[in-house]
Amino acid sequence: MFVANTYEELINMENLIFVDVRSEYEFQRETIPNALNIPILNNDERVEISTIYDNGDHDKAKQLAVRYASVKLEDIYVKLLDLSENHNVCLFCYRGSMRSTVLFNIMKSMGLNIYRLKGGYKAYRKYIIENLDKLINSHEYVNINGYTGVGKTEILNYLEYSHKNVLNLEQLANHRGSILGNAGLNEQPTQKMFESLLFDKLKSFDDEPVFVECESSKIGSVNIPKILRQKYNSSHHQVMINSSLQDRIDRIKTDYLKNPHALEDIKKGINYLSKYIGKNNSSILIDKLENEDYDSVVKTLITKYYDISYAVKAKDYELEINNVDSKKCAEEIMEFYAE
């Protein structure tokens, strides 16, 4: 009836906004970055209909889907009408089949100037898989090295504030990259969602070098693409950040303890570390944590665990800086790479 568009046809369209019509659960797990969720079936309705459909009663499943969707049509129409005033709106579901197709045809018939993603989220994922490596290879990287707490993330934040190309992998992964890296943070994205966020970020960069923090193969539960690690680790642009032990302690305290819910996560992490540092040492650290002796806890973690487990490999550094002030560090890096 009405023609769908491929992701390649849509990707450079101005004021484009994707609308995910799948259930809330599907949307929360993984979607196209910055998409909005306007579900045609909610979580419970989708499960009920899928169960009936999988049991072989396809007509009953479709009848029930029509019943549940019909009561939402007015609200969906109003939302899409409002969005389409300032955006090019594109609907999608998982395969670009029944949910998005039926809704798209109804809305087009009612005069809305909207689009539908051909092949749905599955086609979008195929595009990401086929193009992510090429996009990674299209950039040059400046690799920021340094031990835990030297201020690498602070420096990246200042660089980004100065409109430089910054790939903050820990931010995309919602994890600080260590055994205690999830303390006080919400759930991490799925691997698929992480790759989508990574693609979206890389796609936004210009031709200038990309500043990235050196990471191991995993950040929490997500994997860094091997080709990306090879690119920044083999780059000629290597920066080493050093800092005093006390400054490192202060930064880690500020970062990890700013969320009041982080303490329980830190305790769990310290208990997990008992197989590396011993049960007695873990118990001592937890006692000190409960007595708010944070400096002692962080110092022990740095010297007995972090600096051993996350040792920085020797490289031929282009630039080596002692970080007393992260903003000045970022300015020195920008000045160096502007030459």
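Colleague: What makes you say that strand 6 (residues 165–167) and strand 7 pair?

Modeller: They share three bridges and run in the parallel sense. Two strands count as paired if DSSP finds at least two bridges between them, so three is enough for strand 6 and strand 7. L167 stands opposite V212 in strand 7. Strands here are DSSP runs of E, at least two residues long, and helices are runs of H or I, at least four long, numbered from the N terminus. Mind that this is a predicted model: local features need pLDDT of at least 70, side-chain atom pairs count only at pLDDT 80 or more, and totals for chains, interfaces and linings use all residues. Residues are numbered from 1 along each chain as its sequence is written, and side-chain values use heavy atoms, with hydrogens and water left out.

Colleague: How do you know that strand 5 joins strand 7?

Modeller: Four bridges link strand 5 (residues 141–146) to strand 7, and the two run parallel. Y141 stands opposite V210, and V142 has F211 as its bridge partner.

Colleague: Why are strand 6 and strand 11 called edge strands?

Modeller: The open sheet has five strands in the order 6-7-5-10-11, with parallel pairing. Strand 6 and strand 11 (319–322) each pair on one side only. From one strand to the next, the twist averages 25°. Helix 8 (residues 152–161) packs on this sheet and touches strands 5, 6, 7 and 10 (237–242); contact means heavy atoms within 4.5 Å.

Colleague: Are the residues of strand 7 buried or exposed?

Modeller: In strand 7 (residues 210–213), V210 and V212 point one way, F211 and E213 the other, and all are buried (under 20% relative accessible area with a 1.4 Å probe, protein chains only; over 50% is exposed, in between partly exposed).

Colleague: Why is helix 15 called roughly antiparallel to helix 16?

Modeller: The axes of helix 15 (residues 279–290) and helix 16 (residues 294–309) come within 8 Å and cross at roughly 150°. Angles over 145 degrees count as roughly antiparallel, so helix 15 is roughly antiparallel to helix 16. (Under 35 is roughly parallel, 65 to 115 roughly perpendicular, the rest oblique; angles run from 0 to 180 degrees between N-to-C directions, with axes fitted to C-alpha atoms.)

Colleague: Which residues of helix 15 and helix 16 make the contact?

Modeller: L285, K288 and L289 of helix 15 meet Y294, S296, V297, T300 and L301 of helix 16.
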